[in-house]
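Here's a friendly walk through one model, taking its strands and core in turn. Have a look at it before reading on.

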Amino acid sequence: MQTRNPFNSAVVVNPLMRDVDALFRELTQPMWRQAPRERTPAADITESESGLTLHLDMPGLEAKAIQVTVEKDILTVQSERKAEPRAEGVNVRRQERAFGTFARSFALPDTVDASRVEARYEQGVLTLTLPRREESKPRVIEVKVQG
């Protein structure tokens with residue numbers, strides 16, 4: 001399907017050719033001109049009565065390569081993804097996966113018991129369980145009736 005360029009009715013725009021042209025420009029662009037890739041894992045944080053849960057996407061790592069620390073109410077996740085060795089004569093045409101060392105830190109609220117943080121790594125997702133301090137958990141107060 002072809003459409004006319006709204007700014008110049010004499011120019012016919014073919015969406016497929018536009019996409020191929022954009023892809024060609026991107027593939028032939030020097031690597032240093034491409035946008036830098038993020039080295040921090042994406043995170044989801046959920047909250048319940050029992051505490052907080054963090055899920056961090058960290059595919060391709062071994063569990064022993066992931067370091068989780070808590071210091072002064074700052075939780076930090078660190079790791080390193082090593083680049084795969086390339087055979088001689090193999091040229092990289094495109095590289096979007098980030099390699100190298102990364103760290104991501106989160107400030108813990110006062111309600112979290114930092115001494116009971118648990119970490120589990122499964123199918124490329126690091127799950128951190130941050131339980132609430134007992135004194136910060138909601139409690140039900142019984143109303144006594146006199147009479």
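How many bridges join S8 to S9, and do these strands run parallel or antiparallel? There are 5 bridges between S8 and S9, and the two run antiparallel. Before going further: this is a predicted model, where local features need pLDDT of at least 70 and side-chain atom pairs count only at pLDDT 80 or more, while totals for chains, interfaces and linings use all residues. Residues are numbered from 1 along each chain as its sequence is written, and side-chain values use heavy atoms, with hydrogens and water left out.

A word on terms: strands here are DSSP runs of E with at least two residues, numbered from the N terminus, and two of them pair if DSSP finds at least two bridges between them.

**Hairpin and sheet**

S8 and S9 make a hairpin with 2 residues between them. Across this pair, Tyr121 has Leu126 in S9 as its bridge partner.

Then there's an open sheet of 3 strands, ordered S5-S6-S7, with antiparallel pairing. S5 and S7 are its edge strands, each pairing on one side only. On average, neighbouring strands of this sheet are turned by 20° against each other, direction ignored; the angle is taken between axes, lines fitted to C-alpha atoms, on a scale from 0 to 180 degrees between N-to-C directions. S5 and S6 are joined by 5 bridges, and Val70 has Leu75 in S6 as its bridge partner.

Exposed means over 50% relative accessible area, buried under 20%, and partly exposed in between, with a 1.4 Å probe and protein chains only.

**The core**

Which residues touch the most other members of the largest nonpolar core? Met58 and Leu75 do, in a core of 15 residues. Such a core is a set of buried Ala, Val, Leu, Ile, Met, Phe, Trp, Tyr and Cys residues joined through side-chain atoms within 4.5 Å. Strands S4 (51–57), S6, S7 (100–107) and S9 each give two or more residues to it.

Leaving aside neighbours within four places in sequence, Met58 is in contact (heavy atoms within 4.5 Å) with residues including Ile66, Val77, Phe102, Tyr121 and Leu126.

Terms used:
Helices (H or I, at least four residues) and strands (E, at least two) are DSSP runs, numbered from the N terminus.
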